[in-house]
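Please keep the coordinates open while you read.

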Amino acid sequence: MPQDNGDTYRSAHSFATNWAALLVIALGVLAFVGMIPGLLVLDELDGAAKVFVQVDITVSMAATFLAATLAGSAAGITADADDWRVEVIHRRQQWSIVFGVLAALTLVVAALSVAFADKPTPAVKPSSVIAVFDGKAYCGPLVLAPDGTVAVRGFPLHQATSVVTVDSCPTYRTR
């Protein structure tokens, strides 16, 4: 038995209202679970991954806004059950669903990008060495000299009689 326009309108309006509520709740949870941690670790990502996640989160936020706005406007249509109003509700629901799915997918992509992105390696502290030159020991970090040689405390490393790598230089106190 075919529905009359009043039933079609009530059905469309009910779906739009339920979809708007689901959209706000589901995307709110996804944003909390996916977007907030993504923003917190954004500084730990390297350049390309950081830009990708920033663009992804921006697209997700825009899609969420459009989905919620369209769902809310579809749910807000109240009047008699004109055929064109039912068509407007359906069209706004369809676009809201498209933008809602886009928002959810971009949040998932952002979360996966953060999870699997290569974290930049911290700068390596130059190794310190104890090098012996002419019977005297000198300790310090390895430094690249202007002439292209590696030096310790201004002495070219290739002139050392012995070299020992250490984590840090010992400190000596005189009495």
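The points below go from the basis of the model to its overall layout, its core and a few loop residues.

1. Basis. This is a predicted model, in which local features need pLDDT of at least 70 and side-chain atom pairs count only at pLDDT 80 or more, whereas totals for chains, interfaces and linings use all residues. Residues are numbered from 1 along each chain as its sequence is written, and side-chain values use heavy atoms, with hydrogens and water left out.

2. Layout. The protein has three helices and six strands, where helices (H or I, at least four residues) and strands (E, at least two) are DSSP runs numbered from the N terminus. Read from the N terminus, the order of these elements is α-α-α-β-β-β-β-β-β.

3. Of the 175 residues in the protein, 28% are buried; here buried means under 20% relative accessible area, exposed over 50%, and partly exposed in between, with a 1.4 Å probe and protein chains only. The accessible surface comes to about 11,600 Å², and 65% of that surface belongs to carbon and sulfur atoms, the areas being computed by the Shrake-Rupley method with a 1.4 Å probe. Among contacts (heavy atoms within 4.5 Å) with a separation of 6 or more, 66% join residues 24 or more positions apart.

4. The core. The largest nonpolar core consists of eight residues, namely L42, L45, A49, V53, I57, A110, V114 and A117; such a core is a set of buried Ala, Val, Leu, Ile, Met, Phe, Trp, Tyr and Cys residues joined through side-chain atoms within 4.5 Å. Helix 2 (47-75) and helix 3 (83-116) each supply at least two residues of this core, and the largest share, three residues, comes from helix 2. Once neighbours within four places in sequence are set aside, A117 is in contact with L45 and A49. In soluble globular proteins, nonpolar side chains tend to be buried together.

5. Positive phi. Which loop holds D134? D134 lies between strand 1 (128-133) and strand 2, and its phi is near 50°, a positive value in a residue other than glycine; D134 is exposed, with a relative accessible area of 80%. R153, also not a glycine, has a positive phi of about 55°, sits in the loop between strand 4 (150-152) and strand 5 (155-156), and is exposed at 61% relative accessible area.

6. L142. This residue lies in the loop between strand 2 (136-141) and strand 3 (143-144), and L142 counts as partly exposed because its relative accessibility is 30%. L142 and T165 are 23 residues apart in sequence and 9.9 Å apart in space, C-alpha to C-alpha.
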